[in-house]
Amino acid sequence: MKEIIRNKLNRGVTLTDLVIAILIIGIFTGILTSGFTKIYRNNIYIKENEQAQYYAIRTLEDIDRMPYENVTNTLNLELAEKYNIDENYLSINIENYNKDDPNKEDIIKIVTVTINYKVLNQDIQYSLKKVKIKEI
């Protein structure tokens with residue numbers, strides 16, 4: 001009787017042990033793969049968002065250095081060519097602060113820079129506003 005028990009203990013790995021080990025490895029592999037995929041997607045999103053912020057801030061800084069008279073709605077083409085980017089990616093909207101009252105002097109403009117981009121089949125829009133004041 002002792003020899004039968006001893007022989008069963010010395011057989012090595014059984015099929016049941018092997019199946020359980022493979023299942024455990026499969027579960028942990030799935031969890032790790034899912035985690036790495038989420039990290040990868042977040043990194044892509046962060047990099048694209050960083051680039052959009054960079055272009056928006058850089059554009060507003062360039063507009064801040066321009067003379068007041070040159071700040072018009074034609075800046076879209078000029079700055080898109082300057083940065084060598086698509087016009088659909090960068091859009092600039094300029095409106096007069098006193099647009100409702102034509103009797104007031106035009107000394108303030110509101111500049112809105114909008115960056116439209118796509119990350120992982122998701123459309124994202126990033127906007128910044130700035131006030132441009134005419135220097136007298």
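This briefing describes the packing, the salt bridges and a few individual residues of one protein structure.

The structure is a predicted model, in which local features need pLDDT of at least 70 and side-chain atom pairs count only at pLDDT 80 or more, while totals for chains, interfaces and linings use all residues. Residues are numbered from 1 along each chain as its sequence is written, and side-chain values use heavy atoms, with hydrogens and water left out. Helices (H or I, at least four residues) and strands (E, at least two) are DSSP runs, numbered from the N terminus. Buried is used for residues under 20% relative accessible area, exposed for those over 50%, and partly exposed for those in between, with a 1.4 Å probe and protein chains only.

- Val111 is in contact (heavy atoms within 4.5 Å) with several residues beyond its neighbours within four places in sequence, among them Leu60, Ile63, Val71, Ile92, Ile94 and Leu128.

- Helix H2 has 51 residues and reaches 75 Å from its first C-alpha to its last, which is close to the 75 Å expected at 1.5 Å a residue, where the expected span is 1.5 Å times one less than the number of residues.
- The buried residues of H2 include Asn49, Ala52, Tyr55, Ala56, Thr59 and Leu60, and the buried residues of this helix pack against H3, S1, S2 and S3.
- In H3, the residues Leu75, Leu79, Ala80 and Tyr83 are buried. Seen down the axis of H3, these buried residues fall within an arc of 120°, so they line one face of the helix, the arc being that of the directions from the helix axis to the C-beta atoms.
- The buried residues of H3 pack against H2 and S1, and the helix is followed by Asn84, whose phi is positive, near 60°.
- Tyr83, which lies in helix H3, has a relative accessible area of 7% and is therefore buried. Not counting residues up to four places away in sequence, Tyr83 touches Tyr55, Arg58, Thr59 and Asp62.

**Salt bridges**

- The structure holds two salt bridges, a salt bridge being a side-chain nitrogen of Lys or Arg within 4 Å of a carboxyl oxygen of Asp or Glu.
- One of them joins Arg65 and Asp62, whose closest N and O atoms are 3.0 Å apart; both residues lie in helix H2, three residues apart, which is about one turn of the helix.

**Threonines of strand S2**

- Thr114 lies in strand S2 and is buried, because its relative accessible area is 10%.
- The side chains of Thr114 and Ser127 are joined by a polar contact of 3.3 Å, where a polar contact is a pair of N or O atoms within 3.5 Å; within protein, one must be able to donate a hydrogen and the other to accept it, and residues adjacent in sequence count only if both atoms are side-chain atoms.
- Thr112 is also in strand S2 and counts as buried at 11% relative accessibility; leaving out residues up to four places away in sequence, Thr112 touches Ser91, Ile92, Asn93, Leu128 and Lys129.

**The loop between S2 and S3**

- Leu120 is found in the loop between S2 and S3, where its phi is near 50°, a positive value in a residue other than glycine, and Leu120 is partly exposed at 48%.
- Asn121 lies in the loop between S2 and S3, has a positive phi near 60°, and counts as exposed at 73% relative accessibility.
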